[in-house]
Amino acid sequence: MKPDRDTAAPQRLELIGLSKSYPGVKANDQVNLRVKPGEIHAVLGENGAGKSTLMKILAGIYPMDEGEIRLDGKRVEIGSPRAAQRLGIGIIHQELALMRDLTAAQNIFIGREPRRGPLLDEPALNAAAAAIFKSMHLTLDPRVPVESLTIAKQQMVEIAKALSYRSRILVMDEPTAALNDAEINELFAIIGRLKADGVGIVYISHKMDEIKRIADRVTVMRDGEHVGTVPAETTPIETIIAMMVGRKLTEEALAIPDFTGAETALEVRGLRRGKEIRDVSFAVRKGEILGLAGLMGAGRTEVARAIFGADPLEAGEVLVHGRPVAIRRPQDAVRAGIGYLSEDRKQFGLATGLDVRNNIALASLARFVGPAGVLREGQMRDTARRFIQQLAIKTPSDSQEARLLSGGNQQKVVIAKWLLRDCEILIFDEPTRGIDVGAKSEIYKLLNALAAQGRAIIVISSELPEVLRLSHRIAVMCEGRLTGILPGGASQEDIMRLATQRESAVAGPTDARIAS
Amino acid sequence: MATTDTAAKPGLLAGIRGTGAYHKLLAFSGLIALVAVFSLASRNFMQTSNVLAILQATSVNGVLAIAATLVIITGGIDLSVGTLMTFCAVIAGVVLTFWGLPLPLGLLAAIAAGTASGLVSGTIIAKLRVPPFITTLGMMLILKGLSLVISGTKPIYFNATPGFNQISLGSLFGSIVPALPLPNGVLILFAVALVASFVLSRTALGRYAFAMGSNEEAVRLSGVNVDRWKIAVYASAGAVCGIAGILIASRLNSAQPALGQGYELEAIAAVVIGGTSLSGGRGTVLGTLIGALIISVLANGLRILSVAQEWQTVVTGTIIILAVYADILRRRRL
């Protein structure tokens with residue numbers, strides 16, 4: 001694409017004909033991007049479209065092969081992360097780049113600590129951090145180790161860090177991935193203030209509603225190429241998605257099957273643990289997808305982990321196919337046919353260093369043990385290949401290391417693992433976090449297919465559209481309580497009402513189980 | 001540490017960097033308990049002369065353990081501290097005994113040798129990206145060999161340098177307080193501990209050591225020259241090993257080239273008992289000091305109770321595992 005040189009307005013950031021190749025891959029091919037002062041410029045594209053390479057070039061992590069970068073009209077070289085900072089380019093990485101053992105203030109000023117002679121000036125450090133927090137209207141003690149902060153607060157620390165560089169350009173990679181609605185509003189308020197100050201913002205996200213809400217323009221990338229730049233407000237979402245995937249995605253309407261007479265697969269009664277889980281009871285039937293909605297900290301993940309035996313319960317009963325089972329450890333849950341797909345695949349779900357084959361076999365290794373304890377590799381391979389085909393996992397082979405797959409395909413590997421283990425009850429915690437739009441709809445289809453095969457599925461999601469699209473019924477939690485169960489296709493408003501409702505509105509907690 | 005829900009526990013650790021303070025208490029109460037048990041078991045244990053002997057015995061391992069602490073906080077490991085100590089002692093012997101140069105030059109040479117070796121290790125680790133375990137394992141053997149080569153495999157005595165053994169064994173403190181002739185070696189240990197503690201908490205070197213151990217990539221992305229600081233940490237640890245070399249040479253009034261291997265494990269044991277995390281990011285010098293004291297108190301107390309040396313080793317090993325397990329238990333409760 002030819003750079004249009006007719007723009008008379010001053011540009012904060014200009015990328016002109018930027019290219020970057022790795023052996024065998026063109027990660028960025030002649031990319032152009034212009035960001036005006038005070039503009040929020042969204043960059044969209046599926047995973048592998050080249051967004052992160054672009055970001056890393058701006059961050060000074062990778063050098064570019066070709067092209068030109070201009071800041072406020074002046075050509076610049078970004079040779080190192082430090083150079084990027086000096087130029088006023090702040091980066092908020094998706095995987096928070098914080099030092100967990102250090103305090104908030106120490107994190108913000110790492111590499112630029114105020115000093116008195118050779119010594120660090122801790123009071124000045126804390127004061128400077130406090131001043132930034134104040135300018136962000138944020139109440140946070142700068143002396144608190146970030147380890148003890150919520151993910152949302154950690155993110156705020158990252159933003160404060162970027163602000164402390166007096167950044168003229170702020171690149172944000174999926175900044176809302178781990179935030180609830182209130183926190184997103186807080187974040188957007190801060191972004192709005194930066195915009196008013198003339199900061200140019202490059203906003204990388206998958207979430208259309210957010211882009212519609214705050215972005216001025218949208219640049220779409222696909223396969224390393226610049227597909228086009230369109231105004232955010234007037235361009236329909238379908239058009240933007242079509243630009244991203246290069247094809248039209250058809251949204252399937254939610255079809256709720258008839259559950260009369262369906263067997264109850266999983267039932268929990270009176271689960272309790274401290275303030276996190278307060279008397280939670282519900283049931284899921286065979287073939288049903290139960291959405292578990294709520295704001296961050298409502299206790300959804302806690303409930304899932306407790307059912308799975310990952311965290312202890314103080315009270316409560318878990319019944320599988322009508323029979324009470326004692327679940328003290330994840331092993332017990334797996335034996336009862338319950339699989340849990342955690343929200344953090346890299347940390348808990350996937351052995352990233354192992355290949356696809358071994359990841360799929362991991363939970364069922366016993367069935368591949370041959371005579372003398374030697375693993376039957378051939379059988380493992382055949383099984384893995386069957387799942388790769390069944391779930392359409394995109395991988396060059398079953399011996400590919402799992403960490404090299406895209407997020408969506410990693411998720412499918414984890415699903416394959418539990419399917420191989422014959423899990424009839426699957427709990428998905430944020431199944432599409434960090435997964436791009438195209439792969440998301442594939443995961444949705446897969447979940448629907450699994451339910452249609454008679455499995456009982458619980459989906460925890462912070463994205464209401466996702467909950468609404470998938471769930472046959474929706475259980476809503478607030479502050480550890482189940483505040484109600486809504487039928488599928490309920491409105492976002494209904495869910496939010498229950499999600500912010502402090503006391504149970506349902507007549508009694510037991511009624512909630514059968515309200516459908 | 002809790003798995004996913006750091007969110008659920010805000011402020012529990014607020015105001016305390018890492019969890020060092022809790023563990024220090026734990027290690028400290030362990031030390032007190034040991035002292036109490038041995039005092040009850042034997043009247044000789046708490047005598048001034050025995051207490052001083054324990055402190056004296058701690059001085060070399062304590063200084064080495066402080067060197068190891070610096071490196072371990074960055075998430076690295078240094079297996080060469082023991083043989084580096086010997087190498088530095090041999091260098092001091094060369095300068096003082098072979099060349100007959102004045103005492104300060106010998107001390108300087110020992111510390112310089114330590115720093116240089118640390119620079120080499122640090123550079124290999126930071127620039128060539130050889131893992132710290134491998135690099136320092138190699139350096140451990142290289143330094144052991146060099147010590148033997150340089151010394152001609154024979155001990156170098158410091159008889160030509162009067163006052164050399166006073167560095168460790170003499171007592172400046174005792175000349176002021178005659179009732180408590182605290183050996184200089186112990187004072188040096190305390191001084192090194194104070195300086196190291198100060199460097200860790202108040203200087204950029206210390207801050208980056210914790211930061212690198214916590215999330216090295218994040219530090220790099222923050223524009224910090226990670227390589228340079230990492231090299232600086234290893235060099236500082238090397239310098240501290242140089243001091244340990246002087247201490248042990250002075251105590252033996254000789255540089256024993258065959259000595260050294262095995263000291264690194266005892267030093268790392270002290271670090272771990274003292275609550276420094278082997279995965280980096282958290283740890284304290286005070287903890288390490290307590291850890292080193294626990295090891296010496298054990299050795300001394302068991303000897304007084306006439307427990308065989310072999311069993312002392314078994315007990316020390318058990319204590320290491322118990323100390324770390326106690327820490328894990330404590331964190332789980334939080």
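The notes below concern a predicted model.

1. Confidence. The predictor assigns the complex an ipTM of 0.74 and a pTM of 0.72. Chain B has an average pLDDT of 88, and 91% of its residues score at least 70. The exception to flag is residues 1–20 of chain B, where pLDDT stays under 50. The model still has 35 contacts beyond four places in sequence for that stretch. Where pLDDT is low, the predicted coordinates should not be read in detail.

2. A:His321. A:His321 belongs to the loop between strand E16 (315–320) and strand E17 (323–325) of chain A. Check its backbone: phi is positive, about 50 degrees, although the residue is not a glycine.

3. B:Thr153. A positive phi turns up here too, near 60 degrees, again in a residue other than glycine. B:Thr153 sits in the loop between helix H5 (132–151) and strand E1 (156–157) of chain B. It counts as exposed, because it has 10 C-beta neighbours inside 10 Å.

4. B:Ile156. This residue is in strand E1 of chain B. B:Ile156 is buried, because 23 other C-beta atoms lie within 10 Å. Residues up to four places away in sequence aside, B:Ile156 touches B:Val90, B:Gly93, B:Thr97, B:Ser151, B:Ser254 and B:Ala255.

5. A:Glu46. Now to chain A. A:Glu46 occupies the loop between strand E3 (40–44) and helix H1 (51–58). This glutamate is buried, because 23 other C-beta atoms lie within 10 Å. Setting aside neighbours within four places in sequence, A:Glu46 is in contact with A:Met244, A:Val245, A:Asp436, A:Val437 and A:Gly438. A:Ala351 is 305 residues away along the chain, and its C-alpha atom is separated from that of A:Glu46 by 24 Å.

6. H11(B) against H12(B). Helix H11 (residues 263–273) and helix H12 (residues 285–304) of chain B have axes that come within 7 Å and cross at roughly 120 degrees. The two helices are therefore oblique to each other. Their crossing is right-handed. On the H11(B) side the contact is made by B:Glu266, B:Ala269, B:Ala270, B:Val271 and B:Ile273. H12(B) contributes B:Thr288, B:Gly291, B:Ala292, B:Ile294 and B:Ile295. By class, the contact has seven nonpolar, two polar and one charged residues.

7. H8(B) against H12(B). Helix H12(B) also packs with helix H8 (residues 184–202) of chain B, at an angle of about 145 degrees and with the axes 9 Å apart. From H8(B) come B:Ala193, B:Ala196, B:Ser197 and B:Leu200. They meet B:Val285, B:Leu286 and B:Leu289 in H12(B). This contact has six nonpolar residues, one polar residue and no charged residues.

Terms used: Residues are numbered from 1 along each chain as its sequence is written. Chains are lettered from A and ligands numbered from 1 in the order in which they are written. This is a predicted model: local features need pLDDT of at least 70, side-chain atom pairs count only at pLDDT 80 or more; totals for chains, interfaces and linings use all residues. Axes are lines fitted to C-alpha atoms, for helices over the stretch in contact, and angles run from 0 to 180 degrees between N-to-C directions. Helices (H or I, at least four residues) and strands (E, at least two) are DSSP runs, numbered from the N terminus. Angles under 35 degrees count as roughly parallel, over 145 as roughly antiparallel, 65 to 115 as roughly perpendicular and the rest as oblique. A crossing is left-handed if the near helix is turned anticlockwise from the far one by less than a right angle, and right-handed if clockwise. Two residues are in contact if their C-beta atoms, placed from the backbone, lie within 7 Å. Ala, Val, Leu, Ile, Met, Phe, Trp, Tyr, Cys and Pro count as nonpolar, Asp, Glu, Lys and Arg as charged, and the others, Gly among them, as polar. pLDDT is the predictor's confidence in each residue, from 0 to 100. A residue is buried if 20 or more other C-beta atoms lie within 10 Å of its own, exposed if 12 or fewer, and partly exposed in between; C-beta atoms are placed from the backbone.
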